[in-house]
Amino acid sequence: MPETPELRQIIGDLVVAAHRLARLAAQVTGSTESPATWRTLSVLQSGGPMRLGELATQSRVSQPTMTKLVRNLVDAEWVKRIADADDARAWQIAVTEKGVDALQTWRDELSAALVPMFSDLSEAEVAAMRTTVEIIGSRVDLSAATSAAVAGSR
């Protein structure tokens with residue numbers, strides 16, 4: 001399907017709705033952690049260990065902000081620094097099991113907080129949501145794989 005004004009509008013609306021839903025869930029759960037914390041743990045969980053600069057870019061924060069964030073995450077034992085196999089002077093940041101557990105707990109709290117808003121959906125509506133998530137997930141995974149391939153060929 002070629003790009004159409006309708007598809008562009010739907011995708012834009014979807015992104016806005018997802019952000020609003022995430023903000024609402026964070027408010028409902030009373031989470032005091034920065035969204036950047038969860039974004040960083042998620043990036044590390046899906047992308048594996050990476051250098052601080054790359055992590056900052058992926059998490060959409062400045063490098064000085066990421067330095068502070070990583071320091072706090074190391075103190076919480078949610079991430080660890082590991083030697084970079086390609087450069088003995090450099091470090092990579094990796095999520096720990098404790099960090100994965102914290103991220104999963106946060107995700108569980110978010111979804112539990114939002115379930116009441118969606119408890120009246122029909123089976124067809126739930127199926128439509130499942131299909132939407134699968135479509136988006138496959139496109140995001142494809143995009144990440146494409147970006148990695150392009151970066152690797154440089």
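Author: Let's start with a pair of helices: helix 2 and helix 4 (residues 63–75) pack with their axes 11 Å apart, at an angle of about 80°. Keep in mind that this is a predicted model.

Reader: How are helix 2 and helix 4 oriented to each other, roughly parallel or roughly perpendicular?

Author: The angle between them is about 80°. Angles of 65 to 115 degrees count as roughly perpendicular. Helix 2 and helix 4 are therefore roughly perpendicular.

Reader: Which residues meet there, and how many of the residues in the contact of helix 2 with helix 4 are charged?

Author: On the helix 2 side you'll find Ala36, Thr37 and Thr40, and they meet Met66, Leu69 and Leu73 in helix 4. Sorted by class, this contact has 4 nonpolar and 2 polar residues, and the number of charged ones is: no charged residues.

Reader: What about helix 1 and helix 5, how are they oriented to each other?

Author: Helix 1 covers residues 5–29 and helix 5 covers residues 97–118, and their axes are 9 Å apart. They pack at an angle of about 105°, and 65 to 115 degrees is the range for roughly perpendicular. So helix 1 and helix 5 are also roughly perpendicular.

Reader: How many residues of the contact of helix 1 with helix 5 are nonpolar?

Author: Helix 1 brings Leu21, Leu24, Ala25, Ala26, Val28 and Thr29, while helix 5 brings Glu109, Leu110, Ala113, Leu114, Met117 and Phe118. In that contact, 1 residue is polar and 1 is charged, and the nonpolar count is 10.

Reader: What is the area of the nonpolar surface patch made by Leu14, Ile136 and Val140?

Author: One of its members, valine 140, lies in helix 6 (residues 123–152). Together with Leu14 and Ile136, Val140 makes a nonpolar surface patch of about 230 Å².

Reader: And what pattern does the protein follow along the sequence?

Author: There are 6 helices and 2 strands in its secondary structure. Read along the sequence, they give α-α-α-α-β-β-α-α.

Key:
Residues are numbered from 1 along each chain as its sequence is written. This is a predicted model: local features need pLDDT of at least 70, side-chain atom pairs count only at pLDDT 80 or more; totals for chains, interfaces and linings use all residues. Side-chain values use heavy atoms; hydrogens and water are left out. Axes are lines fitted to C-alpha atoms, for helices over the stretch in contact, and angles run from 0 to 180 degrees between N-to-C directions. Helices (H or I, at least four residues) and strands (E, at least two) are DSSP runs, numbered from the N terminus. Angles under 35 degrees count as roughly parallel, over 145 as roughly antiparallel, 65 to 115 as roughly perpendicular and the rest as oblique. Contact means heavy atoms within 4.5 Å. Ala, Val, Leu, Ile, Met, Phe, Trp, Tyr, Cys and Pro count as nonpolar, Asp, Glu, Lys and Arg as charged, and the others, Gly among them, as polar. Patches are made of residues with over 30% relative accessible area and no salt bridge: like charges are joined within 9 Å, nonpolar side chains (Val, Leu, Ile, Met, Phe, Trp, Tyr) within 5 Å. Accessible areas come from the Shrake-Rupley method with a 1.4 Å probe; for residues, only the protein chains shown count as cover. A salt bridge is a side-chain nitrogen of Lys or Arg within 4 Å of a carboxyl oxygen of Asp or Glu.
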